[in-house]
Protein chains: 2
Amino acid sequence: MKRPTIADIARRAGVTKSAVSFALNDRGGVSAETRRRILEIADELGWQRSSAASALSHGRAGAVGLVVDRPARTLDQEPYFMQFISGVESELSARDVPLLLQMTADQEAQIAAHRRWWAERRVDGVILVDLCVDDPRPAAITEMGLPAVVAGGPDGLGGLPGVWDDEEAAMRAVVGYLRALGHTRLARVAGLRHLMHTVVRDRAFEGTVEYTDYSGEAGAKATRALLTGPGERPTAIVYDNDVMAVAGLGVARELGIHVPGELSLVAWDDSTLTRLAHPALTAVSVDIFDRGVRTARRLLDVIAGGNQETGPPAVPELVPRGSTEPV
Amino acid sequence: MKRPTIADIARRAGVTKSAVSFALNDRGGVSAETRRRILEIADELGWQRSSAASALSHGRAGAVGLVVDRPARTLDQEPYFMQFISGVESELSARDVPLLLQMTADQEAQIAAHRRWWAERRVDGVILVDLCVDDPRPAAITEMGLPAVVAGGPDGLGGLPGVWDDEEAAMRAVVGYLRALGHTRLARVAGLRHLMHTVVRDRAFEGTVEYTDYSGEAGAKATRALLTGPGERPTAIVYDNDVMAVAGLGVARELGIHVPGELSLVAWDDSTLTRLAHPALTAVSVDIFDRGVRTARRLLDVIAGGNQETGPPAVPELVPRGSTEPV
DNA sequence: CAATAGGGGAAAACCGGTTTACCCCTGGAG
DNA sequence: CTCCAGGGGTAAACCGGTTTTCCCCTATTG
């Protein structure tokens, strides 16, 4: 009653293990008739390839990994990460490739986790997320020879392939849009200062910037600072995610500042939250799920040693709603 | 420059592979002196145990799995799942046990995924979440002999150990609290009808119930139905998660119904959202992260064949805030 | 002092596939 | 008719640990 091995199949079929292996892997060396018989028996016995044995012999783990810093992004409050992972998974599970997930406290631990996974041959490749400026990870990963793809980084960063959207262009579009509405005093509630995401958007933004940790609380606090601080009040605020934008909307209401009459708000990352708010929030619609899909696909390509080509980055689209208005 | 194996260590130390294996696994059979030398060389060479090889020989994968139905719960909108997984991970990564994650379309696919993982010996055990009434999974898992723990189910369900909180008692507390405030017409915006979570809460609730898919949209719609439907309007609504409660609050405002003056609201799952709302929402505070920790710990115990004991279930606590008031 | 237990380690089998080397047999080319 | 290529398959090595078997040598016991 123990699980069947190829030796069992071989015995039943009256051939050797090698013949069975050839048949199961669709390689030459067995006649069509024998192959058919072997596959039939394998099916009948309910045979499943032992991942350990096959990983040991041909050195492929058949799995990919993803390590995330838990505290860096406040994962449990942002839909972002779940959407990304859903996208990754949808691509991976279609090809029966398991995803190893781990959360770590910092980048050192993250590199250590990668190193261990790779040394133990638990994964064939990994996805890197939340890249920072001067991020030590790409270099470390490259050095250990671990195949990887950077999600949210330009292609070729640290020698690694990347999958990204042109957020700089998107931010330029947002700024252009607000200027067209007549806004001149722009402010922004950004995410973590050292993240590439943030830096890229910084490059295209013009105005006051408050940095946060992406949480609703931080968004509220930053908004309060911008609206009640010294100097002239901004007439438009751009948020780096949806949660903070909604929190900011709450603060405006609390301060008796009418949106969009006296203040226009723009959210990054479109979601239920932005649509459900009153007024509904103008948002930059980023297809995060799709980004996950593309990242996973790219990684599998890299692992297969396949084509390294990549199309032009997508430009997230601005979706105007009720939270923005001409001055 | 290839990675070192125990054979390399053995050669350098002038002993056999077996001696090295004994030393590395802290088992008798080698002298303290030899053991020290071996460990030193292993360290020097940067040796790491190949998970494939060791899984193959002693039949343990050293990993656990978690499969979730993607559409069932709207994962990308609920913080619930991320918090749970964070808890699971925090326990697992402390013991260097990787987590395999997969998302599937339905329960059939989920069982298939479990079966494959188990057959391929990719995992030593799995965590089951989102149990339904007449859920086919526990029986299937038990039958294939796969160690598992049910998160959010009573202990012993389908022969599997479970980790859960006494949500029935919590719901009784909520109902008691609202009654004490003088509310007699209670309503509830519940989650998916067939989920155990929902059924358990159903048992302790008295009043009208609208079922949803946990999304903000559905919560808004259900609230609208309850507040504008025929018959007398409820004076208090209990929501099965925080996202819907916040959406419901928006609907009340939209309809010009004052909270808490004319309507009291209670959210399940406390979070930033409930605290940030205006008014802040009275909520049932469930420590989901901790539930993840307990679940992972229990699973590791089960895999180790260890103690099956479990303490009494925790009772989630009611945190009164500004959204509830006497009638 | 002989008998014996047991510590230290070598040798080899084993886990379940994968891959290489090689052999036999048949059919077509020269 | 002989030579050779190649299809079909067997036998065995291999991947990197783990575990069992067995042997030698020393220290303890009666």
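Around DNA strand D, the nearby surface in this predicted model is made up of nine nonpolar, 14 polar and three charged residues. There are 26 residues around DNA strand D, and the ones that come nearest are A:S18, B:T5, B:S18, B:A53 and B:S57. Two helices per chain supply two or more residues here: α2 and α4 of chain A, together with α2 and α4 of chain B.

Now turn to the other DNA strand. DNA strand C has 27 residues around it, with A:T5, A:S18, A:A53, A:S57 and B:S18 coming nearest. Elements giving two or more residues to that surface are α2 (17–24) and α4 (51–58) of chain A, plus α2 (17–24) and α4 of chain B. Sorted by class, the surface near DNA strand C has nine nonpolar, 15 polar and three charged residues.

**How the two chains go together**

How are chains A and B related?

The contact itself draws 44 residues from chain B and 44 residues from chain A. On the chain B side, the elements that put in two or more residues are α4 (51–58), α5 (79–94), β2 (99–104), α6 (107–119), α10 (216–228), α11 (242–254) and α12 (272–276). Of these, α5(B) gives the largest share, eight residues. By class, the side of chain B that touches chain A splits into 17 nonpolar, 15 polar and 12 charged residues. Notice that α4 of chain B turns up here as well as among the elements at the surface near DNA strand C.

Three bridges join β2 (residues 99–104) of chain A to β2(B), and the two run antiparallel. Within that pairing, A:L99 sits opposite B:L101.

Ten strands make an open sheet with mixed pairing, in the order β5(A)-β4(A)-β3(A)-β1(A)-β2(A)-β2(B)-β1(B)-β3(B)-β4(B)-β5(B). Which strands are at the edges? They are β5 (162–163) of chain A and β5 (162–163) of chain B, each pairing on one side only.

Further along the order in chain A, β3 (residues 125–128) is joined to β4 (residues 148–151) by three bridges, with the strands parallel. A:V150 in β4(A) is the bridge partner of A:L128.

Chain A has other strand pairs as well. Strand β9 (residues 264–268) runs parallel to β10 (residues 282–285), with three bridges between them, and A:V266 stands opposite A:T282 there. On to β11 (residues 317–319): β10(A) is joined to it by three bridges too, but this pair is antiparallel. Here A:A283 faces A:V319 in β11(A).

**Chain A as a whole**

Chain A holds 13 helices and 11 strands. Its radius of gyration is 25 Å, well over the 20 Å that the globule rule gives for 327 residues, so the chain is more spread out than a compact globule. The C-alpha trace spans about 85 × 35 × 35 Å along its principal axes. Even so, 49% of the 327 residues of chain A count as buried. Among contacts in chain A between residues at least 6 apart in sequence, 66% join residues at least 24 apart.

Most residues other than glycine have a negative phi, and most peptide bonds are trans. Here are some spots that go the other way.

| Spot | Backbone feature | Value |
|---|---|---|
| A:H278 to A:P279 | cis peptide bond | omega near -10° |
| B:V259 to B:P260 | cis peptide bond | omega near 5° |
| A:R121 | positive phi | phi near 55° |
| B:R121 | positive phi | phi near 55° |

Where do they lie? A:P279 is in the loop between α12 (272–276) and β10 of chain A, while B:P260 is in the loop between α11 and β9 (264–268) of chain B. A:R121 belongs to the loop between α6 (107–119) and β3 of chain A, and B:R121 to the loop between α6 and β3 (125–128) of chain B.

Methods. Residues are numbered from 1 along each chain as its sequence is written. Chains are lettered from A and ligands numbered from 1 in the order in which they are written. This is a predicted model: local features need pLDDT of at least 70, side-chain atom pairs count only at pLDDT 80 or more; totals for chains, interfaces and linings use all residues. Two residues are in contact if their C-beta atoms, placed from the backbone, lie within 7 Å. Helices (H or I, at least four residues) and strands (E, at least two) are DSSP runs, numbered from the N terminus. Ala, Val, Leu, Ile, Met, Phe, Trp, Tyr, Cys and Pro count as nonpolar, Asp, Glu, Lys and Arg as charged, and the others, Gly among them, as polar. Two strands pair if DSSP finds at least two bridges between them. A residue is near a molecule or strand if its C-beta atom, placed from the backbone, lies within 6 Å of it. The radius of gyration is taken over C-alpha atoms; the globule rule is 2.2 Å times the number of residues to the power 0.38. A residue is buried if 20 or more other C-beta atoms lie within 10 Å of its own, exposed if 12 or fewer, and partly exposed in between; C-beta atoms are placed from the backbone.
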